[in-house]
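Subject: Structure handover

Hello,

Here is the structure you asked to take over. My notes on what turned up in it follow below.

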Amino acid sequence: MIRVSIIAVSLCCLAAAPVVAQQANMTFFISSTPIGNGGNLGGLAGADNQCQTLAQAAGAGAKTWRAYLSTQAADGKPAINARDRIGKGPWTNAKGVVVAKDVADLHGANALTKQSALNEKGEVVNGRGDQPNRHDILTGSQPDGTAFAAGDDKTCRNWTSSTQGSAVVGHSDRLGLRDDEPSKSWNSSHGSRGPDGGCSQADLRSTGGDGLLYCFASN
C-alpha cells in the first residue's frame, strides 16, 4: 500500500509540474479576484500591485506586472495610455497559449477568447450566460488602447472613485447583447453604470463585471 501511494503521489506531481512551469512563464492573465472597492483601485499603482500580488501567488512574480488601464488628463497631469504600460510582448496565458505577439497584434487580430483569456490560475473567467457573469474587465481605454480625452469620466476618476463616475470596460469573452463591434471588444465595450453612481462594486457587478483587470508582464 505504501509503495502504491508513493507511485500515486509521484504521478500527481509529474502531472502538475507542466502546469506550474507554464504559469511561471505566463505573461498575461485576468485577475481572479478584484480589489473589491469598485472603481477605486488606488490609482494605477494599486491596480499594478494587485496584478503583481496575484502573479506572485501563481509563481510568476519575478516579472514586472502592469494592469491594462488608461487614465485621463486631469489636475495638470497628462493622460496615460494602457497600450504604453504593458511592454512589447509576446504575451502568453497560464497554459502557454500566445494571445498576442505584440502591441499591434493585441489591438488588431489577437487570439483573446473566453477560452484563452484565462486568470492567473489557468481558469476560464465567467462570461455571458454564466452565473455570475464577470466578463466586464476594467480598462478605461479606447479600442486602440489609448486614453479618452479629458472631460466625461471614463476611468472612475482615474481609478480613485467607488461612487460617482463611469469606467469603460471590455468583454473578455467577446460577447455582448448585440452582434456589433463594441459587444465583441475585449477592451472598449461600454461604460459602467448603476444606482450608486456608476463606480461601486455593486454597480460593476450589475452590468456583468466584478472589477477584474487585464494583467500583462511588461518585461
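Which strands each supply at least two residues of the lining of the largest cavity? They are E5 and E8. E8 gives the largest share of that lining, three residues. Please keep in mind that this is a predicted model.

The cavity

Searching the whole structure turns up one cavity of 30 Å³ or more. The space in the largest cavity is about 40 Å³. Its lining is made up of Asp136, Leu138, Val169, Ser192, Leu204, Thr207, Gly209, Asp210 and Gly211.

The protein overall

The protein has six helices and eight strands, and their order along the sequence is α-β-α-β-β-β-α-β-α-β-α-β-α-β. There are 219 residues, of which 48% count as buried. Among contacts with a separation of 6 or more, 65% are between residues 24 or more positions apart. The accessible surface is about 10300 Å², with 56% of it belonging to carbon and sulfur atoms.

Helix H2

H2 covers residues 43-57, which is 15 residues. From first C-alpha to last, H2 reaches 22 Å, close to the 21 Å expected at 1.5 Å a residue. Its buried residues are Gly43, Leu44, Ala47, Asp48, Gln50, Cys51, Leu54 and Ala55. The cover over these buried residues includes strand E1 (28-30), strand E2 (65-67), helix H4 (156-159) and strand E8 (209-217). After H2 comes Gly59, with a positive phi near 90 degrees.

Ser141

Ser141 sits in the loop between strand E5 (136-138) and H4. Why does Ser141 count as buried? Its relative accessibility is 0%, and the cut-off for buried is under 20%. The side chain of Ser141 has a polar contact with the side chain of Ser70 at 2.8 Å. The Ser141 side chain also reaches the backbone oxygen of Thr139, at 2.9 Å. Leaving aside residues up to four places away in sequence, Ser141 touches Tyr68, Leu69, Ser70, Ala82, Thr146, Phe148, Val168, Asn187 and Ser188.

Regards

Conventions: Residues numbered from 1 in each chain as written. Predicted model: local features only at pLDDT ≥ 70, side-chain atom pairs only at ≥ 80, totals over all residues. Heavy atoms only, no water. Helix = DSSP H or I, 4+ residues; strand = E, 2+ residues; numbered from the N terminus. Buried < 20%, exposed > 50% of the residue type's maximum accessible area, 1.4 Å probe, protein only. Contact = heavy atoms within 4.5 Å. Areas by Shrake-Rupley, 256 points an atom, 1.4 Å probe, with all protein chains shown as cover. Expected span 1.5 Å × (residues − 1). Polar contact = N/O pair within 3.5 Å; in protein donor to acceptor, adjacent residues only side chain to side chain. 1 Å grid on protein atoms, 1.4 Å probe; cavity = no way out; pocket = protein on both sides within 12 Å on 5 of 7 lines; lining within 4 Å. Points joined across faces, edges and corners; volume = space filled by probe spheres on them.
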